[in-house]
Every structure is written in C-alpha cells, then in structure tokens.
Amino acid sequence: MKHLKFINIAVVLMFVVAQFSCAQNKSKTVEKGLQLNQIKVSSLSGLREAVQQSNQHIILKPGKYNITDLPIESRGFPCSGSNNIIELNEVYINFPVGTCKDAHFDITGSNNILRGGDFEDTYQNGMEKVTDFGSYNQNRKTLAKGLKGGANIRVSGNNNTVDGIKLTVRGSFPYGYGNMYGIGRGNATGLDKRCALLITGVGNTVDNCEFQHRAFGHVIYMQKNADKTLIKNTYIEGDVRPSNDAYTETNDGDLPKRFNYKMPLGEMEGLPIPRDVMFNLTEDGIRAYNIPGSVTVENCVVKKCRGGIKLYMAKGKVTVKNSTVLDCVVEGYSLNNGGEMINCKGNAAYGPLLYMHFDKVSNQNIDLTVLPAPHAVGNHVFAAIKGHGHNIKLTAANPSETIDNTLRPIVVGYPARFQFLTTDYPNVPKGYEENFKKHFGNKTYSATKISIKNGTNYPVILGHLSEGNQVKSSGKVTDYGTANLVKTYPASEEKK
C-alpha cells in the first residue's frame, strides 16, 4: 500500500508540473503582431536550449552567470530560432578569456530581439587593465587569447535587433601596438584578434548599447551581404597608449625588442617606431567592408579607436547623423561616394578627423563641428580630402577657444597617407624620404570641384593636383593647385 501511495503522489506531482508548464506557455507576449509564448529559464543551459526554438519571449532569471558552467563544446548561444525576444535584463554573464572557442551569441535566425544583459570577457587572474604589454603578449592561453579574428556576437540573420546590451571585450594578440605588426595576411607575428559584433545579414539594428573594447579587433563591423543596417544611440570606447612606452619593453620576449624597435611591415618597414604619437589598442569603432547595402549611424559616440566611423567601402547609401568621434588614431570619419554627414562632431587629437581613401570618391556632403583637443599629440593633419564634387562645412565649436596647440593642415589632394601625411606637407617627414619614394613616389591624386567652408583656424593646403576647388576659410590658405577660388574671412564672422 505504501508503494502505491508513493506512486500516486508522484503522479500528482507530475500533473502539477505539467499544468504549471502549460500555464507558463499560455502566457503570451505580443510583439510586432506576433503572439509569443513566454518562457522563463533560470540557467545558461536552459537559455541555450530556448534560443534554438521560435516564437517565444524568453526571460532569463536575473543574476550572475559564468559561461564555464556549460560544457566546453557548448559555451555559446546558437540563436537559430526566429521571432524571439531574448530578455536578459539584470543578467551578467562572465566569459573568462581562453575558455570559449567561438562567438558568445550567434544569431542566425531572423526577427529576433536580444535585449539587455552585461557580457564581459574577464582575465582569469583578475586583471582588468593591461599595463605590462610585454608579459601580456607572452601569455597566449589566458591573456592574449582571441577568437582567431571572430566576433563575440554574430548576426547573420535578417531583421534582428541588439538592444540595450553592454559588452566588454578582452583577449587578443598582439595587443598594445596599433597596426605595427599587421592587421591581416602577411603580418609579422601571427594574429589572434577578437571583435565585438559582426553583422552580415539584412535589416539589422543595434540600439542603445555600450561597447567597452579592450582587444585588437573591430567593434561593430559589417561584411558579406549586410544591408539596411541601423546603428543608433550607442557608445563605443576603445583604448590608446603612448608609442614611447614601446621603448621601455626591454625583455627578450617583448615584441618591440624582438624587432629591434623598428617597424617590420609595409610602407614604414625599417623605420624606428614613431615617438610621441598614440597607439590604438583596438581597430575600428564602426566599420563596413565591401558590403552591397546601406548603413545609417545615428546619435552614436566613438572614442579611442583606430578609425571612428569608417564606412568608405560600403556600396550603398551611407548616412551619419548627430554622432561624435573623439581621440581616434588613424582617422575619425571616412565615408563613401555620396556619403552624408549631418550635424556630427569630433576632434583630431591623435589622428585626422576626416579622411578620404580613394581618388575617385565623390559627392560627399559633410557638416562637421570641430571640438577642442588640448591634449592632442602627434604630427598628423586635421583632414585629408581628395576626390570630386564634395560639399564640406567645418565649424568651430567655439571660435574664440583654442582648438589645438598645433595648427594641423586641412590637406586637399595628396599622394601619401597616414604617417607620411603630416604637418610637414607638402614635404615628406624627415627620415622617411626613401620609404616615401618607394611607396608613393609615382602616385597621382586629384581633388577637383570641391567646396570647403572652413570655420576653424586650421590652415588649408591645396595640393599640386588640386583644381577648380572653392575654399572659404577662417584659417590661412596655401594654394599649390590650379584655378582654385580662395577667400579668407575672420572666424568671428562664422556665426553671422
């Protein structure tokens, strides 16, 4: 009888559980006209299982989680379901560097919303900020360990939204030297980069997110079929360090010493590591490769990256609105043919604020307010402009305030790039002559029919192959070109 009694109790319990589960699933969320079953989970394994199904409002119980609670082959969330809301408000997930082999979230489904959550790559020794870059780069298992160039979050499905997350990215090799040891094939040391968010699908949105990027790799970037991408209300911050610090790395395993404190690759090969400039510790904040589609960036801030908002390779419409780029190293903004920059801001503290890569780039419309950079270092130019038919307006945030301790030129038409394009223009930086002759000596360039209104005290230099441009400037104008129309005016008249 006792045995039967226990069986009856078990049956009752099973019935109660089934009824509870059924009641859960009957709870509905309506999103974009869809009725979604509400699913509550309380573990990472439960979350992992749920995101592979569709038509759900998945809610993970608030709390702190560690990805190592999952088996090593399951340490990620394959979001293959569609029409899901993945609700992670008040959820923190720790991803110790060296314990995951692939993306943290892989969104291959469509019409999903990944909402909320604080995701952090942490070092297993408890370190938060790298200070000893020499030792760091010699630990390739739990410190300088990336994702072989991959991203922590991948979005290959369509019409997904990443909303309100915070992502802290750590772990890559080499870390701490900018582009010095290479960025792709033909690198000097081997690469193990780690990026934040890769978008390859159509109609995807990033909204109200924060990215703290402490690894060598892009933050948000687009490849393959990406189109109709919207990035808005998002804050991106990388990190920088003084190049002079490389000369303090004197142990045999330290990368600068291994290469005899010389630049090992590219146009700078054989030259000493530049002094008194900044190294970018990450790659680009918002970057598009050869994508067929459009990109819109609205109300975003990008700080301390290699390039800020770098969209010059996109084939579709590029629009950047109400955004700010600060303290980036190689370039701030870079748009494509017909690209628009509306009510944007930035400074040229560590690199040019505005940069154009191609001779044939054309018809950009740029409205840019220049912010002060009293902390600026380096001999870079303020802007590098070429191509055809642009309309560029530069406005000083406060005309009576000193923008910069160095009057960096706005260069219009140039053969060289990056470290070779400096405040010495049109001259070549001292000591760089042979490298310039080898890599740029036969380059041609053009800057034609460009309209520039420069309301700053930065000077304008029109290069030898600039022709038919119209320049109105508060700063000094030097014209080496042909048939350029130049007018100068006091900065005090800018607001009139």
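Reply: The structure holds 17 aromatic pairs, where a pair means rings of Phe, Tyr or Trp (its six-membered ring) with centres within 6.5 Å, and planes under 30 degrees apart are called stacked, over 60 edge-to-face and the rest tilted. This is a predicted model, and local features need pLDDT of at least 70, side-chain atom pairs count only at pLDDT 80 or more, while totals for chains, interfaces and linings use all residues. Residues are numbered from 1 along each chain as its sequence is written, and side-chain values use heavy atoms, with hydrogens and water left out.

One of the pairs is Tyr136 with Tyr175, a tilted pair at 5.6 Å centre to centre with 55° between the planes. It links distant parts of the chain, since the two tyrosines are 39 residues apart. Tyr136 sits in helix α3 (residues 133-136), and Tyr175 in the loop between β13 (166-170) and β14 (195-199). Helices (H or I, at least four residues) and strands (E, at least two) are DSSP runs numbered from the N terminus. Tyr136 has a relative accessible area of 2% and is therefore buried; the term covers anything under 20%, with exposed over 50% and partly exposed in between (1.4 Å probe, protein chains only). Tyr175 counts as buried too, at 2% relative accessibility.

A second pair is formed by Tyr177 and Tyr181. Their ring centres are 5.4 Å apart and the planes stand at 75°, so this pair is edge-to-face. Both of these tyrosines are buried.

Ring pairs also build a cluster, made up of Tyr123, Phe133, Tyr136 and Tyr175. Arg241 lies over the face of one cluster member, Phe133, at 4.0 Å from the ring centre. Arg241 also lies over the face of Tyr177, at 5.0 Å from that ring centre. For this contact, NZ of Lys or CZ of Arg must be within 6 Å of the ring centre and within 35 degrees of the ring normal.

Next comes the empty space. Rolling a probe the size of a water molecule over the atoms shows where empty space is left. The largest pocket holds about 1200 Å³ of space. On a 1 Å grid over the protein atoms alone, a pocket is an open set of points with protein on both sides within 12 Å along at least five of seven lines, a cavity is a set where a 1.4 Å probe fits but cannot get out, and lining residues have an atom within 4 Å of a point. Points are joined across faces, edges and corners, and a volume is the space filled by probe spheres set on them.

Of the 49 residues lining this pocket, the closest to its centre are Asn179, Met268, Val330, Phe418 and Gln419. By class, the pocket lining divides into 23 nonpolar, 15 polar and eleven charged residues; here Ala, Val, Leu, Ile, Met, Phe, Trp, Tyr, Cys and Pro are nonpolar, Asp, Glu, Lys and Arg charged, and the others, Gly among them, polar. Strand β21 (residues 278-280) gives the largest share of the pocket lining, three residues. Asn280 is found in β21 and counts as buried, at 4% relative accessibility. The C-alpha atoms of Asn280 and Asn179 are separated by 7.9 Å, although the residues are 101 apart along the chain.

The whole structure has one cavity of 30 Å³ or more. The largest cavity holds about 30 Å³, and Phe95, Pro96, Val97, Gly98, Thr99, Cys100, His104, Asp121 and Arg194 line it. This lining has four nonpolar, three polar and two charged residues.

The strands can be followed through their pairings, which require at least two DSSP bridges between two strands.

- β22 (residues 286-288) and β25 (residues 307-310) run parallel, joined by two bridges, and Ile286 stands opposite Ile309 in β25.
- β25 is in turn joined to β28 (residues 331-334) by three bridges, also parallel, with Gly307 opposite Glu331 in β28.
- β23 (residues 295-298) and β26 (residues 318-321) are parallel and share four bridges; Val295 has Val318 in β26 as its bridge partner.
- β26 continues to β29 (residues 340-346) through three bridges, again parallel, where Val320 partners Met341.

An open sheet of three strands has the order β33-β36-β39, with parallel pairing. Its edge strands, β33 (387-388) and β39 (466-467), each pair on one side only. Two bridges join β33 to β36 (residues 447-448), and the bridge partner of His388 in β36 is Thr448.
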